[in-house]
Amino acid sequence: MTMADDDDDFLFQDDEDEDAGEESELIPGMPPWQVLIVDDDPEVHAMTRLVMRKFAFQGRGLAFVSAYSAAEALHILQGEHDIAMILLDVVMESDDAGLKLVPRIRDELGNRAVRIILRTGQPGQAPEDAVIAGYDVNDYKAKTELTARKLVTATITALRAYHHIRTLERSCIGLERVAGLGLCQMALSGPSSAAGAALDQIAEVLEQPADGLFCVMYGADRLSARILAGRGRYQDAAGHPLATVADTGALANALRSPGDLRHDFANDAMTLAWPLTGPAGEGGNPHAGAVAMLHLHLVRPLDEIERRLALLLMMRIADALVTAWALEQARDPA
C-alpha cells in the first residue's frame, strides 16, 4: 500500500457510530444501486460497507463491488454496465493510478453516466482544483474530512444525477425504438402475433420483464374480452376470457373503474387502454369502437418519462393492431 497507514484512521472517525441515515425506506423487490469501491486498503472497503449498510435512495439500497487496484476496477467496468457510482482512491499501485483510470472510464469505455467520487489520503499530492479542472470526476473528498454524514450526502447527490442521466438515455433509446418500431411487420404477422410483439416491445423499452397480457374489449362487458397474447404468468392465457385471470390485484382495480377504461399506473403494474379507431377501423370493420388493453406487471415504479413512452408505444401498437385486422379482413372478406 503506497499511502500512509494512518491516513485511513480518519475515515468516518468523527461520526462512525452515528446512524448514516437514509432518504427513503427500502421497497421489496427493487434492485440495489451498484457502487464500485476502488481502494487498495481492505479497511476502507469494510468501513464504507459498514457506515452505508442502512442507506436507501428511491427505495433502493446499495450493492457494493470491490476492486483493490485501478486495473481490477477497469476489468470490472468492462463487464458491468450498471454501476451507478465509483468511490475511487487516487493513490494505489502508483501515485496517480486513480487519476489515470478516469479517462479510461470516460473515453475508452465511453461511460459518461457513472458518477465518480475521488477519495484521497494525500490531498496535497493531487490538489482539488487541478483534479476537478483536469478530470471528468463529480466530487473530490479528502479522507480526513469524509465523515459518514458527508458520504451519505455525496452518495445521494451522485445517485440522483446518475438516475437523471440514465432516464434521459432511456428516453432517447425509447424514442428511437418507437420511431423504428416495425409496425408493418407487426401488422403482417396477424393480430395475435402483433399483440405478443407489443408486450415484448414495451417491456424491453421500459426495462421491465415481459409479464403481462394484451386483449381487446367490446362493449361494457370487459371481463368477456378474449386475451390475444400473454407473457410471464399469463403465458397460457391467450384465447381465454379476461375473466379467468382478472379477479385480483391491479388489473381487477383497473377493470372496476367506472365509465371508460383509463390508463392506470401503480407501483407494481400498469394498465394501458387505447381505442381502436382511425381509417382502418371504418367501413364496417367489426373491431371499430373496440378498446385495446395492455396490462404489464412491474418490478419497479415507472417515472414520468417512462410513462409517456409507454403511452406513445401503446398508441402506435393500437395502430398496428387495427392494420393487422384490416389486412386479415382483406385476405378473407367472408
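Two strands count as paired if DSSP finds at least two bridges between them. Helices (H or I, at least four residues) and strands (E, at least two) are DSSP runs, numbered from the N terminus. The model you are looking at is predicted, so local features need pLDDT of at least 70 and side-chain atom pairs count only at pLDDT 80 or more, while totals for chains, interfaces and linings use all residues. Residues are numbered from 1 along each chain as its sequence is written, and side-chain values use heavy atoms, with hydrogens and water left out.

**The sheet**

Let's start with strand 6 (residues 212-217) and strand 10 (residues 291-297), which pair in the antiparallel sense over six bridges. Across this pairing, Leu213 stands opposite His295 in strand 10. Both strands belong to an open sheet of five strands in the order 7-6-10-9-8, with antiparallel pairing. Strand 7 (226-230) and strand 8 (264-265) stand at the edges with a single partner strand each, so one side of each has no neighbour in the sheet. Helix 7 (residues 191-205) packs on the sheet and touches strand 6, strand 7, strand 9 (269-275) and strand 10, where contact means heavy atoms within 4.5 Å. The direction of helix 7 makes about 50° with that of strand 7; axes are lines fitted to C-alpha atoms, for helices over the stretch in contact, and angles run from 0 to 180 degrees between N-to-C directions.

**The aromatic rings**

The structure also holds two aromatic pairs. Rings of Phe, Tyr and Trp (its six-membered ring) pair if their centres lie within 6.5 Å; planes under 30 degrees apart count as stacked, over 60 as edge-to-face and the rest as tilted.

| Pair | Centre to centre | Angle between planes | Type |
|---|---|---|---|
| Trp33 and Phe57 | 5.9 Å | 35° | tilted |
| Trp33 and Tyr162 | 6.4 Å | 80° | edge-to-face |

Together, ring pairs link Trp33, Phe57 and Tyr162 into a cluster. Trp33 lies in strand 1 (residues 33-38) and Phe57 in the loop between helix 1 (42-51) and strand 2 (62-67), so this pair ties together parts that are 24 residues apart in sequence. Tyr162 lies in helix 5 (residues 148-179), so its pair with Trp33 ties together parts 129 residues apart in sequence.

Trp33 is buried at 2% relative accessibility; buried means under 20% relative accessible area, exposed over 50%, and partly exposed in between (1.4 Å probe, protein chains only). Phe57 is buried too, at 2%, and Tyr162 is buried at 4%.
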